[in-house]
Amino acid sequence: MLTETKKEFIEFMMGADVLRFGEFKTKSGRLSPYFVNTGNYRTGGQSSALGGFYAKLVKETCSDRFDAMFGPAYKGIPLATSTAGALARDYGIDKPFFFNRKEAKDHGEGGSLVGYQPKDGDRIIIIEDVITAGTAVRETVPVLQAAADVQVQDMFISVNRCEVGQNPGKTAVMEVKEQFGIDVHAIVDVTDIKEYLIQAGGYEDVLRLMESYMQQYCVL
């Protein structure tokens, strides 16, 4: 269902040139008629608003029942940072955040994690941008498990593309749940974007390409 919040978020992404339409090669190698590039957020106002959307979803999903949030390098870093700020600002939920380096630092304090250092028993939530094939999640979970005996039960993303993962008939989100026990929560999914474009009008060519792509790759 296309709620007002979802509509606002889609318009926010389009206004920031984060949600784009054309032909794009995804991490999974598929040629997609739409693409979500959170690297295009570039102003303080956008970061503040983006954090607000994520924080609202986190608050509605798990409130303050977690110990820290993790943003996988690189795009997850500003996402976790802005979400942490918005949770404190909007809901009084002041939680630590941390992220990883792509390469471990061999001087100073060393290590591959920056910010909060997780402890055994911590409940960690992951803040990411998009799930297509689930590749990034499979890279992220071992990083967290190597740091401490943590629990990762929830992950928050901007867009669920609802695409098949490594197994026919299962989306990457379903596979992440089965493999790691992580529930993935998206601010919007591909059906919300499609419904928005239908209501907005003038996107007939894009919708035709999206329909074809979704029939081939999506599990709805």
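1. **How to read the model.** Residues are numbered from 1 along each chain as its sequence is written. In this predicted model, local features need pLDDT of at least 70, side-chain atom pairs count only at pLDDT 80 or more, totals for chains, interfaces and linings use all residues, and side-chain values use heavy atoms, with hydrogens and water left out.

2. **The span of α1.** Helices here are DSSP runs (H or I, at least four residues), and strands are runs of E with at least two, numbered from the N terminus. Helix α1 covers residues 4–15, and its 12 residues reach 16 Å from first C-alpha to last, close to the 16 Å expected at 1.5 Å a residue. That expected span is 1.5 Å times one less than the number of residues.

3. Which residues of α1 are buried? They are Phe9, Ile10, Phe12 and Met13. These four sit on the same side of α1 because they cover an arc of only 160° around the axis, taken from the directions from the helix axis to the C-beta atoms. The face turned away carries the exposed residues Glu4 and Gly15. Buried means under 20% relative accessible area, exposed over 50%, and partly exposed in between (1.4 Å probe, protein chains only).

4. **Partners of α1.** The buried residues of α1 pack against several elements, including β1 (19–25), α2 (44–62) and α6 (190–200).

5. **Val219.** This residue lies in the segment after α7 (204–217). Val219 counts as partly exposed because its relative accessibility is 22%. Beyond its neighbours within four places in sequence, Val219 is in contact (heavy atoms within 4.5 Å) with residues including Cys162, Val164 and Met174.
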